[in-house]
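Hello,

Here is the structure we talked about. Please open it first, then read my notes below.

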Amino acid sequence: MAGVILRIDAVSKSFLKRRILKNVSLSVEEGEILGLIGSSGSGKTTLLKSITGFYRPEAGDVRFRHFGLLKRKGAEKDPFVSVFSENSFAKTIFGFASQTPSFYENLTVRENMLYFGSLFGLKHKELESNTDILLTLMGLKSHQDNLAGKLSGGMQRRLDIACALIHDPAILILDEPTSDLDPTLRNHIWSLVKKINRRGTTVILASHHLSEVETFCSRIAIIKDGSVIDVDTPSKLKAKYAETQEISIQAYPGNYQSILARLKKKCGDIDTMDISSEGLVISSSDTKNVLHEVLHVLEKLDEELVDINVSKPGLDELFTQLNREDRGDAA
Amino acid sequence: MRFTSIIKKNFKLLLRSKSSAFILLAGPILIILIVGLFFNGKSAYDLSLGYCAPVPNDLTRSFISSLEKNGFVVYDFNNESSCTDKIKQGVIHTCILFPQDFKVSNDQSTELRFIVDYSRVNLVYKVIDAVSEIIEFETREVSYSLTNTLISRIDSTLSGLEKQEELEERISGLEVDISKDFDSLKSGVDSIDFSTGSVSLRSLRSKLGNSQDSLDDLIVKYGEFSEYSYEMLDELEGYLDSNKSDEIRAELDLMSQEVASLQNASLDDLNASLQELSDADERLTGLFERLQENERLADSVKKIVSRTEEHLSSFRDSLSSLSKGTSGMRERLEEIDITRAESIVSPVNTKIEPLMSESSNFQFAFPFLVILLVMFASLMISSTLIIFERSSRAVFRNFMTPIDRKMFISAHFLTVLLIVLLQSLLILLISYLAMKFALFSSILSVVAVIFVASVFFIALGLMIGFVFASQEGAMMASLVLGSTFLFISNLVVPLESISQGLAGIIRFNPFIIFSEFLRKALLFNLPLSDAVLELSILLLIALVILVPALLGRNVFHDAKRYWVKRKGKRPENKLRGNADKDWLDDL
């Protein structure tokens, strides 16, 4: 890592008396892919938009390293400047692709890129060059003359990222880049993110697809109720939070309610039990005992065991677990 | 580069969106074509009329045919109710009810009844005017015919009076002759002298009597003389020779004899004269008596002449009065200067002199249409562009570019200004080529008015775009604002027909101001110097409207912020679409 590129210092932001961000502090290393995870409404998007200066927080500051590019008196003394005081310059540092692709649907792919590039003051030659490179990188070259609104969801997402990258920003911020996309497209987007990152662009992203975040991000920040509760590498986070195992059971005829009721009476070591579309999911730290009881109950209820799987939780499960804890706390 | 990129992008977006492209390109041409079709031609109205004539006659038919000749579609109805029903249904615009006995007479005034639908306020007075004009024309024709008859009667009376006057002159001449004759007669009668004067036979008789007496005295004296002579002779006989005495005696005897015979003769003559005198006296007496009789007759004649003279004088007076009356009557009739039936029926002929050569209504309505187009295009495109931008998916990406808000607003403003000016140019070109408008004589004024109007309405449109969050709301607001300006303008209701107080306020309607300037510029070559002050004020107002937008935040946004701060909640605004897009206001 080449050092910190962005510092978020005790940022708080409220909307209509509702506090969305509570004293959030975070540092982003240059060249890393930082993933933000958290439940809906936890403040991920607000944090990302505060980073870009789109939202001005009531408290705290977001400072970025200007690499000596800021031609301002005294700038050389402080390598970090505030996003809010240097908003115009900050916009040249950041590239942002939001949850919803942001471009003109009635302009072609190329026109969109040229337009947004021109707004960054790129010279014509540089603009054309950047456009061509990004079109190729994003796999949109053959679609460059198509209207953006006519593109498929995946291509629109790629175009959005391309538009965010047209001025070659130091930091690329992606808000839910793979939401609503099929797995193939998601993989494509992630591979692009990796490619972009490899070019030296720092990436900050928020996603619900935690397994992907786990796979692709260098570090993950867990946000809960507007606060960053932890920031670390995925493996460290898993080690820190994954104390339970998950048992997934599929039975026939599959009267899971009865199974659940029986298990609740018999087992005291079960942390959580849920009926999902795939069957019964039990989370417990005493896996051996629980498995025994499960088999016993199934026999008693004339249920035929179709499938059983015991696994350590991934980031998804970890995230769910954190949310459950949260709900339990609340209750 | 950045500025032109935004403008280029705006044009591309507007042209690629079907609805906005329609507004941009087809809109103005279509509006002008449609309105041109509406207003083209010199007749502004195509009216349908119904009539109900219980007993049609020539007069009725002449009215109806006159209406038909003037382009009205005329329907015949059997009764009033069916005619009025058709008005209610909107099939006809007015119903003319002819009276039972529709004719011109002294007994009654002929009344035509019109039934009109006052609920059609925009048309009713035009219908009344149009129909009344034709009916009045036809009425004038009838009146003209009646007046013609009256005039010809007066003419014949005048010629009759002239003959009468000639006759009076002749009678007057006769009367003068008669008067003269009477005067001669009178003087003749007066000159007859019935007096006997000095003719008196009595003195003659007395003189004759005196002569007789003298003669008798002479005879006596002669006898005495003779006796004396004889005595003397006798006495002288002694003294005279006897012969001599005898001779003297003889002489005396002879003389006595001659005197005796003379005496006798004189006495006879005297007696004859006396006799004649006596006869003459008798005749003279008779003559006197007749003269006296004649004198009495002459007196009677005089009295008759005098009476006749009085009658003649009275006749003369009457004749004079008659003559005066006749001549007065003639003079009065001749004093009537206007003897042409046309002049009596229409003493004052109105002739509408247009300020310029007569042309189609479209040419007169054209300035209003241009400003109408500028107004709606400016309001709608500018507000639409702002909403379009704000509701666009690219709003966030635009925010993420280092472009100042002022540049965006300025670019939007310039985009709309270019579009509106291009549209106006297109329409002016069409008008120049198709309608031969003398554009170049007042091109500076025309361009200035259109430019300021565009700036003004674009500023208003931008404000609408800032205030309203949804396209529907902005469109509605633009239409309502534009329609309000249009409705309270000269184009719909003449300002002169509005109350003075309200008209004073309405005169500040920018649509009216711009339309009037353009009308004066296009039709009367208004010099730019005459409009500089007003246009500058309007331009200033437009810039004042633009300031909040260009400064970065609009007043409504700040008001909302203030409200939120004070009350701690969002003010209710049903017009705003997405309640969560609070950050959109920042753009």
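**Salt bridges**

Glu309(B) forms a salt bridge with Lys186(B), and their closest N and O atoms are 3.4 Å apart. The term means a side-chain nitrogen of Lys or Arg within 4 Å of a carboxyl oxygen of Asp or Glu. This pair links distant parts of the chain. Glu309(B) sits in helix H7 (residues 242-335) of chain B, Lys186(B) in helix H5 (residues 121-191) of chain B, and the two are 123 residues apart. Helices (H or I, at least four residues) and strands (E, at least two) are DSSP runs, numbered from the N terminus. Lys186(B) is partly exposed because its relative accessible area is 33%. Buried means under 20% relative accessible area, exposed over 50%, and partly exposed in between (1.4 Å probe, protein chains only).

Two notes before going on. This is a predicted model: local features need pLDDT of at least 70, side-chain atom pairs count only at pLDDT 80 or more, and totals for chains, interfaces and linings use all residues. Residues are numbered from 1 along each chain as its sequence is written, chains are lettered from A and ligands numbered from 1 in the order in which they are written, and side-chain values use heavy atoms, with hydrogens and water left out.

How many salt bridges are there over all chains? A search of the whole structure finds 23. One of them joins Lys141(A) to Asp132(A), with the closest N and O atoms 2.9 Å apart. Lys141(A) is at 36% relative accessibility, so it counts as partly exposed. Asp132(A), at 25%, also counts as partly exposed. Both belong to a network of salt bridges that links Arg110(A), Glu128(A), Asp132(A) and Lys141(A). Asp61(A) and Arg63(A) form a salt bridge too, with 3.9 Å between the closest N and O atoms.

**Where the chains meet**

Look next at the interface. Here, 27 residues of chain B are in contact with 37 residues of chain A. Contact means heavy atoms within 4.5 Å. The two chains bury about 2,900 Å² between them, 62% of it on carbon and sulfur atoms. Buried area is the accessible area (1.4 Å probe) that two parts lose on being put together, summed over both. In chain B, Arg393(B), Arg397(B) and Met400(B) lose the most area to chain A, together 29% of what that side buries.

Across this interface the rule finds 4 salt bridges. In a salt bridge between the chains, the side chain of Arg397(B) meets that of Asp160(A) (2.5 Å, N to O). Which helices of chain B each supply at least two residues of the side that touches chain A? They are helix H1 (2-16) and helix H10 (395-399). H1(B) gives the most, with 7 residues. That side of chain B divides into 13 nonpolar, 6 polar and 8 charged residues. In this count, Ala, Val, Leu, Ile, Met, Phe, Trp, Tyr, Cys and Pro are nonpolar, Asp, Glu, Lys and Arg are charged, and the others, Gly among them, are polar.

**Inside the chains**

Chain B has 17 helices and 4 strands. Of its 587 residues, 38% count as buried. The largest nonpolar core has 60 residues. Such a core is a set of buried Ala, Val, Leu, Ile, Met, Phe, Trp, Tyr and Cys residues joined through side-chain atoms within 4.5 Å. Among the members that touch the most others are Phe457(B), Phe514(B) and Leu518(B). Leaving aside its neighbours within four places in sequence, Leu518(B) is in contact with residues including Pro367(B), Ile371(B) and Val449(B). Another core, of 54 residues, lies apart, with Phe116(A) and Trp190(A) among them.

**Backbone details in chain A**

The peptide bond from Tyr252(A) to Pro253(A) is cis, with omega near 5 degrees. Pro253(A) is in the loop between strand E11 (245-252) and helix H9 (256-266) of chain A.

Glu176(A) is not a glycine, yet it has a positive phi of about 50 degrees. This residue lies in the loop between strand E7 (171-175) and helix H6 (183-198) of chain A. Is Glu176(A) buried or exposed? Glu176(A) is buried, because its relative accessible area is 3%.

Asp225(A), also not a glycine, has a positive phi of about 50 degrees. Its loop runs between strand E9 (219-224) and strand E10 (227-232) of chain A. Asp225(A) is partly exposed, at 43% relative accessible area.

Best wishes
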